[in-house]
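Hi,

Here is the structure for you to look over. My notes follow below it.

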Amino acid sequence: QAMSKELSPEICEPIAVLRAHLTTIKSGLHPVLAGKLWRQVAQHVDEVLYESITKAGVLFSSSGAEQLQRDMQGVIWQFAPFTKKPANFLKRTKEAVLILNLPLPELKAIVSTLDDPAAAGRED
């Protein structure tokens, strides 16, 4: 079954709310205050998303991880009006999604290395 290249319906409303609040911040506040506030919003969004993604017991299929990546890209780009590199302000979420989208053999190798303390200091 081919995956849609669209956002999940469940993420569309939260993105619209986030966009509305960020638009209000940008248009309604002094640029210095807006600069501080959007960073705080990005930090909070990053914390909430990261905790949701990495919650114990949550499993993702490869197609689910791909969809999550599209959805998180949609969230990240809401911060584009404030910075050229919005992903840098949701770094933990971005990195968690990247790990979830690694090919299975690569992921298994990483887990194996992390599980083997002796391998941590070894360079191949």
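Buried means under 20% relative accessible area, exposed means over 50%, and partly exposed lies in between (1.4 Å probe, protein chains only). This is a predicted model: local features need pLDDT of at least 70, side-chain atom pairs count only at pLDDT 80 or more, and totals for chains, interfaces and linings use all residues. Residues are numbered from 1 along each chain as its sequence is written, and side-chain values use heavy atoms, with hydrogens and water left out.

Start with the aromatic rings. Rings of Phe, Tyr and Trp (its six-membered ring) pair if their centres lie within 6.5 Å; planes under 30 degrees apart are stacked, over 60 edge-to-face, the rest tilted. That rule gives 3 aromatic pairs. W38 and F79 are tilted, because their centres are 6.2 Å apart and their planes at 40°. W38 is in helix α2 and F79 in the loop between α3 and α4, so this pair ties together parts 41 residues apart in sequence. Helices are DSSP runs (H or I, at least four residues), numbered from the N terminus. W38 is buried, at 2% relative accessibility. F79 is buried too, at 0%.

W38 also pairs edge-to-face with F89: 4.7 Å centre to centre, 70° between the planes. F89 is partly exposed, with a relative accessible area of 28%. Ring pairs link W38, F79, F82 and F89 into a cluster.

Now α4. Its buried residues are T93, A96 and V97.

Best wishes

Definitions and conventions
Helix = DSSP H or I, 4+ residues; strand = E, 2+ residues; numbered from the N terminus.
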